[in-house]
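The exercises below ask you to read a fold from its coordinates, and each is followed by a worked solution. Please try each task on the structure before reading on.

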Amino acid sequence: MRRFLLSISLLLAAVFSLDARGVSVVTEPVEVTGTTETAYLFRFDGDESTRYTVAITFKNASFSGICVVKNIGTQIAGTIVNEFGIRAFDFTMSQDRRRVKLLTVMKPLDKCLIRKAIARDLKRLFNATTTDGYVSVDGEKIIMRRPSRSYTFSKMNIPE
């Protein structure tokens with residue numbers, strides 16, 4: 001929504017401008033050529049899978065493991081597993097990163113409110129282009145802190 005409002009305000013500023021007397025004057029709109037790619041904090045390039053170490057902390061519980069994400073044509077698919085190989089959850093995300101859907105969720109997390117919170121947090125985290133009040137970058141770590149939970153992702157630099 002913010003991007004939409006920003007683009008509208010920039011468009012209106014390009015079309016309408018004020019002269020020296022404060023009267024609005026219609027000018028020619030500026031034509032933008034070429035496409036600009038969004039630079040996300042999380043990059044899922046090509047057909048290679050991207051791996052992160054992850055630590056998720058809820059109120060009284062914590063979970064650490066590995067997140068594997070792969071760009072599969074029309075969507076982005078990922079999974080988060082703990083150190084023992086137990087799958088916490090699988091997810092898919094649209095290419096524009098506006099929809100995140102949790103597929104399989106381990107039994108302790110398989111509750112409606114928890115699923116919604118995780119999906120909403122992953123959407124915000126993977127869709128982040130800059131740091132803000134919730135998402136921050138500390139060296140190689142991307143951290144998201146919410147009032148009752150936090151997520152820490154660190155890219156793994158190991159060959160496949």
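**Exercise 1.** How many residues does α2 have, and how far does α2 reach from its first C-alpha to its last?

*Solution.* Two conventions come first. The model is predicted, with local features needing pLDDT of at least 70 and side-chain atom pairs counting only at pLDDT 80 or more, while totals for chains, interfaces and linings use all residues. Residues are numbered from 1 along each chain as its sequence is written, and side-chain values use heavy atoms, with hydrogens and water left out.

Helices (H or I, at least four residues) and strands (E, at least two) are taken as DSSP runs, numbered from the N terminus. Helix α2 has 15 residues and reaches 21 Å from its first C-alpha to its last. This is close to the 21 Å expected at 1.5 Å a residue, where the expected span is 1.5 Å times one less than the number of residues.

**Exercise 2.** Follow the pairing from β3 through β4 to β5.

*Solution.* Begin with β3 and β4, which run antiparallel and are joined by nine bridges; Ser 49 stands opposite Lys 70 in β4, and a hairpin connects the two strands through four residues. Next, β4 pairs with β5 in the antiparallel sense over eight bridges, and Cys 67 stands opposite Ile 80 in β5. The hairpin of β4 and β5 has two residues between the strands, and in this hairpin Gly 73 takes a positive phi near 60 degrees.

**Exercise 3.** Which residues have the most contacts inside the largest nonpolar core, and which element supplies its largest share?

*Solution.* A nonpolar core is a set of buried Ala, Val, Leu, Ile, Met, Phe, Trp, Tyr and Cys residues joined through side-chain atoms within 4.5 Å. Buried means under 20% relative accessible area, exposed over 50%, and partly exposed in between (1.4 Å probe, protein chains only). The largest such core has 29 residues, and those with the most contacts inside it are Ile 80, Phe 89, Phe 91, Leu 122 and Phe 153. The largest share, five residues, comes from α2.

**Exercise 4.** Is Leu 125 buried or exposed, and which residues beyond four places in sequence does Leu 125 touch?

*Solution.* Leu 125 is found in helix α2 and is buried, with a relative accessible area of 0%. Leaving out residues up to four places away in sequence, Leu 125 touches Phe 42, Val 135, Ile 142, Met 144, Tyr 151 and Phe 153. Under the corresponding exclusion, the residues touched by Phe 153 include Phe 42, Leu 122 and Leu 125.

Note on methods. Contact means heavy atoms within 4.5 Å. Two strands pair if DSSP finds at least two bridges between them.
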